[in-house]
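I opened my notebook and the viewer side by side today. Here is what I looked up, entry by entry.

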Amino acid sequence: MPILASLPGLNLLSSLPSNPPQNGTTSSTPSPSPPIPIPKYPPPRSRNPKTNVPRSNPALSIPHRRSNYRKPVQKGVISTDGDRCVIVGENGVSYKLPGAPFEFQYSYSETPNAEPIAIREPAYLPFAPPTMPRPWTGKAPLKKSKKNIPLFDSFNPPPPGKKGVKHVEKPGPFPFGKYPKEGKTREEILGEPLKKWEIKMLVKPLLSDNRQVNLGRDGLTHNMLDLIHTHWKRRRVCKIKCKGVPTVDMDNVCRHIEEKTGGKIIHRVGGVVYLFRGRNYNYRTRPQYPVMLWKPATPVYPKLIQEAPEGLTKAEADEFRKKGKSLLPICTLAKNGMYASLVKDVRDAFEECPLVKIDCKGLQPSDYKKIGAKLKELVPCVLLSFDDEQILMWRGRDWKSMYRDTSSNLVPVKADILSGIDNSAKSSDDSGTPDSQRVVSSPKMMSLWRRAIESNKALLLEELALGPDALLDKVEEFEGMSLAIEHSCEALVLSSEDGSSSSSSAEFKGGSYSEDENDIYSSDDIIDDEYYDDNSFEEVDPSIPLGLLPVDNIAERLRRESK
């Protein structure tokens with residue numbers, strides 16, 4: 001600063017010039033450029049474009065599942081694509097393809113019997129088109145391999161011990177001297193019926209094996225058919241484990257499995273099914289089905305719950321629903337459980353009460369609604385409500401008891417059992433008393449009663465109006481008589497020609513029984529419990545000598561040995 005102040009003609013505190021320079025005047029020195037250039041941004045895009053970009057595939061515009069798309073449909077063909085078409089019929093929505101053995105469905109076993117009234121999405125085939133080009137992946141297609149990869153199947157299994165090849169079971173089993181042969185029909189592929197030892201041989205290794213096909217709430221689906229054939233490629237038996245809604249009607253599931261796959265169910269335990277592929281099955285000649293690419297939306301079906309159900313007015317239905325709120329459920333269904341006995345439980349509950357309730361807490365609404373639809377057809381019954389995750393049912397006006405159909409088996413208590421079922425039923429009809437008590441019985445039970453009374457193992461009370469003391473005396477008297485009969489036997493006395501009577505008991509020689517006479521029961525006379533038959537006692541001729549039982553001989557031997 002001192003140096004600058006000493007320079008001549010320099011005023012550090014000089015003011016700005018009074019007149020600014022003119023615009024036209026040019027300065028000799030150019031203005032310095034900014035150190036950082038100003039960025040240039042593109043103009044903002046408009047949120048509402050005026051032009052819509054056309055979409056190449058109309059399938060991309062399909063409404064999602066939460067949309068309110070509803071299109072009423074009628075029975076018949078609703079969409080066609082050449083030889084391929086979508087059909088609405090008794091089995092719901094099905095798809096017909098050229099050369100297919102049957103109409104394809106998403107679920108074969110869980111389709112309601114009612115016809116759909118509308119669809120929730122446009123009718124498109126959920127399969128790949130017949131001529132679909134290879135999608136562009138950014139790479140050229142791979143060249144054909146020069147290696148000759150051998151193909152193995154059940155008719156041409158790999159040699160034993162070959163590395164890198166999984167085990168493939170041979171066709172069969174076959175009797176001695178028979179070999180596999182190509183079959184086209186289901187009967188030819190299955191071959192002769194399996195014997196019991198063959199079924200046991202095939203099922204036993206799979207009892208503790210977890211290689212299985214899981215069948216859930218959707219039942220037997222279309223893609224499951226190809227999965228079962230994949231299991232059959234290496235094994236003769238496919239293990240299928242069923243859980244959830246389909247187990248309400250296992251007979252229906254087993255019937256559809258056999259029809260669609262062509263196999264044979266050889267063993268069934270609860271919800272586990274063992275499906276045999278057949279003696280002459282060949283994976284190479286199996287039926288090949290197209291893969292379903294997505295799950296079609298479920299159609300709209302008629303409502304299960306009506307304000308005034310069948311045989312009821314609206315006031316009566318509301319009264320039943322009001323009573324059902326205080327009704328205890330007969331059971332609680334677990335998620336993914338086994339419901340094979342549910343139909344029987346509901347039928348038995350209807351014998352005691354016209355209303356039945358089932359607790360379904362924790363289940364999805366679609367699951368317990370499907371269960372209610374199945375019970376409506378199988379029991380049968382009338383559905384009243386699904387409120388509070390519970391199924392409320394009414395047995396209906398046309399309900400008939402399971403235990404009152406056969407009038408020949410209705411036996412009055414006062415009737416004589418030995419006189420026969422017909423006479424007892426006739427006497428009960430002649431009495432005409434509305435308060436007569438009836439007992440349900442089967443012919444087998446009647447025969448057991450007759451046999452017990454004839455052998456003094458049971459007592460028929462002729463007087464029904466007995467007091468407690470009199471009834472106890474009768475029981476004690478009969479108990480003593482039955483014990484005496486049970487621990488006694490017939491005596492057999494043999495007389496010789498010279499008048500001397502001799503017993504058929506064992507001869508006592510030297511303080512011990514002889515070896516031949518001591519063995520009263522030989523090994524051939526021993527009765528095995530497995531082959532026990534009640535009728536065998538009627539055919540055996542008692543040959544116990546002179547009132548002695550085998551236990552008496554053993555006791556006498558032990559007494560003499562102790563001395």
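What percentage of the 563 residues of the chain count as buried? I found that 28% do, where buried means under 20% relative accessible area, exposed means over 50%, and partly exposed is in between (1.4 Å probe, protein chains only).

**Ground rules.** I noted that this is a predicted model, in which local features need pLDDT of at least 70, side-chain atom pairs count only at pLDDT 80 or more, and totals for chains, interfaces and linings use all residues. Residues are numbered from 1 along each chain as its sequence is written, and side-chain values use heavy atoms, with hydrogens and water left out.

**Confidence.** I looked up pLDDT, the predictor's confidence in each residue, from 0 to 100. The chain averages 75, and 66% of the residues score at least 70. Over residues 405-437 the pLDDT is below 50, and this stretch has 40 contacts in the model beyond near neighbours in sequence; a contact means heavy atoms within 4.5 Å. Residues 491-543 also stay under 50, with 34 contacts beyond four places in sequence. I reminded myself that where pLDDT is low, the predicted coordinates should not be read in detail.

**Whole chain.** I counted 14 helices and 18 strands; these are DSSP runs numbered from the N terminus, helices being H or I with at least four residues and strands E with at least two. Of the contacts between residues at least 6 apart in sequence, 71% join residues at least 24 apart.

**Helix α3.** Which residues of α3 are buried? In this helix (residues 196-203), I found Glu 198, Leu 202 and Val 203. They sit on the same side of α3 because they cover an arc of only 120 degrees around the axis, taken from the directions from the helix axis to the C-beta atoms. Lys 196, Trp 197 and Lys 200 are exposed on the other side. I then checked what the buried residues pack against: β7 (237-242), β8 (264-269) and β9 (272-276).

Strand β4 (residues 92-96) is largely enclosed by the rest of the structure, because four of its five residues are buried. β3 (residues 84-89) pairs with β4 in the antiparallel sense over five bridges; strands pair if DSSP finds at least two bridges between them. Two residues lie between β3 and β4 in this hairpin. I also spotted Val 86 opposite Tyr 95 in β4.

**A three-stranded sheet.** What is the order of the strands in the open sheet? I read β10-β12-β11, with antiparallel pairing. The edge strands, each pairing on one side only, are β10 (355-359) and β11 (382-385). From one strand to the next the twist averages 30 degrees; axes are lines fitted to C-alpha atoms, for helices over the stretch in contact, and angles run from 0 to 180 degrees between N-to-C directions. Helix α7 (residues 342-350) packs on the sheet and touches β10 and β12, with its direction at about 145 degrees to that of β10. β11 and β12 (residues 390-394) share three bridges, and Ser 385 stands opposite Leu 392 in β12.

**Helix α8 and one lysine.** I followed α8 (residues 365-378) across β10, β11 and β12, running at about 15 degrees to β12. Lys 374 lies in α8. Is Lys 374 buried or exposed? I found it buried, with a relative accessible area of 13%. Leaving aside neighbours within four places in sequence, Lys 374 is in contact with Ser 109, Glu 110, Val 245 and Val 248.
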